[in-house]
Number of protein chains: 2
Amino acid sequence: LNSALQLSESSAVAFQGELGAYSQSAIYAFFGRDKVRKVVPLPTFSRVFENLCKSSNVDYAVVPIENSVAGSVGEVLDLLLSTDVKIIGEISIPIHHALLAQINTSIDQIRKVISHPQAIAQCKVFLDSKTSWQQVPAYDTAGAAKMIKEQNLKDTAAIASELAAEIYGLEILERDIEDDHSNQTRFVVITHHDREIYGEEGAQSGYKSSILFSTHHEPGALVGALSVFSSRNINLTKIESRPMKSRPWEYYFYVDFEGHASRDENCTSAIEELRRKTSELKVLGSYKRKNA
Amino acid sequence: LNSALQLSESSAVAFQGELGAYSQSAIYAFFGRDKVRKVVPLPTFSRVFENLCKSSNVDYAVVPIENSVAGSVGEVLDLLLSTDVKIIGEISIPIHHALLAQINTSIDQIRKVISHPQAIAQCKVFLDSKTSWQQVPAYDTAGAAKMIKEQNLKDTAAIASELAAEIYGLEILERDIEDDHSNQTRFVVITHHDREIYGEEGAQSGYKSSILFSTHHEPGALVGALSVFSSRNINLTKIESRPMKSRPWEYYFYVDFEGHASRDENCTSAIEELRRKTSELKVLGSYKRKNA
């Protein structure tokens, strides 16, 4: 159980993807596996945000915001802008790929490997040693594992999480087959804007905040906006530009900074000054920092 | 023929994707269709950059750098950092999707539509009116068109460019089926760093430059870096952060600004100051601006 949250026993947590996706591992890492009543796999990120905002059967969602190699997940940033959710936590997990197949299959029997193209690309060194294997793209790592089970494929392996092996009853032929073992994905924990979170009152330090803003169109507008942080010695941990929908080549910015947006005076005054310098500003939330 | 370049008659231009990809349309829009001796389709972006740097059979490449809706193409930014290429031009083209099928097929015969998931998502309104159609993801819009031709599919349509219809001999059942007609992709034209480009000597105004840099790890480092531009009234047209490979949660920055990095004194001094303030700096090139 995350110390900054008091979760009721009835927590249902949504994520994008099939059961066994890395997002599900992130849910367990953040909440603790025994504290999650139900995980709710949904096919798209927009369905995840829709469920949080429009239905009462989902309490939280855990969505990837950036990968240490591939970068930001633009679609998630756009949904944070366009919907009424708040960020209440973050969690980073290592992305270790495993090679999965039917029980009692040996690696010599494998002729074909299926997975998401990004996962296939991330296991290049391993796969280069299996020159006879056909590589088949799938839309999801966990979906590839599911396909092996459902279609009872004998000569095929999937690249997916170890959790997927457990969920679909597959055997792990090899662990950690990714080239770059430092590959991590950072997820944010979100809930509907109006939902209250208990148990955070006392906390003062070790926080991080996330905001979105757009600037006026003039030279130096971005530097002017960011200077509200540098002049107060507030450290930015991430900045990302994203295109505005239907306004080609106009951008909004996503920024993470250290400190609590409403409890830390230094941050409060930075936000106040930023509001005067930007055309739009949205505070997504402040939450316990989990990165090094 | 782009006025700032003198292309030899033997120009061969590489791009990522199948023949008929939007990148090929961008090549024709930039160079003029009659001035391109050969287009070279390659399966991955890394093969495109590899061909530019290590072989002599490709003169230029045209690669997407950002889409007005989907945002930056991270893999291309990473390759600009890790290889020895320079940017010599840019071109933006509108992304209009067409519905393609075998010649003499009517739209009533269609039961299935195949395309890249992003293209399918971009035609949501149109496809919502075709509730009986099965939607099948493919790895490439032009690849979907190619598949219809090669497999002689009768009840299937592809979402792809009009150029793909021409290349694969397909019929255009509907034009401009995308929801957002303002959707554009900006491409950069690149060549090997050592290749000389003629005909640019006189040009002084209307230029844009692209750079990459990483900052020291201290609060305000990014603002300090960007202030070399704002203090000189140089307009930034794009800023993007990208993760450093194998250094989780460290970033480099891609910045476009108005002006010529080596011919415009104001820009030259900004770059000089920036070099002192950053840990790494790479000037990718200066080229004629093509955006509004």
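**Helices and sheets in chains A and B**

Helix 8 and helix 9 of chain A are roughly antiparallel to each other, since their angle is over 145 degrees. The model is predicted: local features need pLDDT of at least 70, side-chain atom pairs count only at pLDDT 80 or more, and totals for chains, interfaces and linings use all residues. Residues are numbered from 1 along each chain as its sequence is written, chains are lettered from A and ligands numbered from 1 in written order, and side-chain values use heavy atoms, without hydrogens and water.

The axes of helix 8 and helix 9 of chain A come within 9 Å and cross at roughly 170°. Axes are lines fitted to C-alpha atoms, for helices over the stretch in contact, and angles run from 0 to 180 degrees between N-to-C directions. From helix 8 of chain A come Gly224(A), Ala225(A), Ser227(A), Val228(A) and Phe229(A). Helix 9 of chain A supplies Ala270(A), Glu273(A), Leu274(A) and Lys277(A). Contact here means heavy atoms within 4.5 Å. By class, this contact has five nonpolar, two polar and two charged residues. Ala, Val, Leu, Ile, Met, Phe, Trp, Tyr, Cys and Pro count as nonpolar, Asp, Glu, Lys and Arg as charged, and the others, Gly among them, as polar. Helices (H or I, at least four residues) and strands (E, at least two) are DSSP runs, numbered from the N terminus.

Now the sheet beside these helices. Four strands of chain A form an open sheet in the order 13-14-12-15, with antiparallel pairing. Two strands pair if DSSP finds at least two bridges between them. Strand 13 (236-243) and strand 15 (278-288) of chain A are at the edges, each with a single partner strand, so one side of each has no neighbour in the sheet. The twist averages 15° from one strand to the next. Strand 12 (residues 207-215) and strand 15 of chain A run antiparallel, joined by nine bridges. Ser214(A) has Glu280(A) in strand 15 of chain A as its bridge partner. Helix 8 (residues 221-230) of chain A lies across strands 12, 13, 14 and 15 of chain A, at about 155° to strand 12. Helix 9 (residues 265-277) of chain A packs on the sheet too, touching strands 12, 14 and 15 of chain A. The direction of helix 9 makes about 155° with that of strand 15 of chain A.

A further open sheet of chain A has five strands in the order 8-7-9-6-10, with mixed pairing. Strand 8 (134-137) and strand 10 (171-174) of chain A are its edges, each with a single partner strand, so one side of each is left without a neighbour. Neighbouring strands are turned by 35° on average, direction ignored. Three bridges pair strand 6 (residues 98-101) and strand 10 of chain A in the antiparallel sense.

In chain B, helix 2 (residues 45-54) and helix 3 (residues 74-82) pack at about 30°, with axes 10 Å apart. Helix 2 and helix 3 of chain B are therefore roughly parallel, the term for angles under 35 degrees. Phe45(B), Ser46(B) and Phe49(B) in helix 2 meet Glu75(B), Val76(B), Leu79(B) and Leu80(B) in helix 3. That contact divides into five nonpolar, one polar and one charged residue.

Asn51(B) is also in helix 2 of chain B. At 15% relative accessibility, Asn51(B) counts as buried. Buried means under 20% relative accessible area, exposed over 50%, partly exposed in between (1.4 Å probe, protein chains only).

Technical notes
Parallel < 35°, antiparallel > 145°, perpendicular 65-115°, else oblique.
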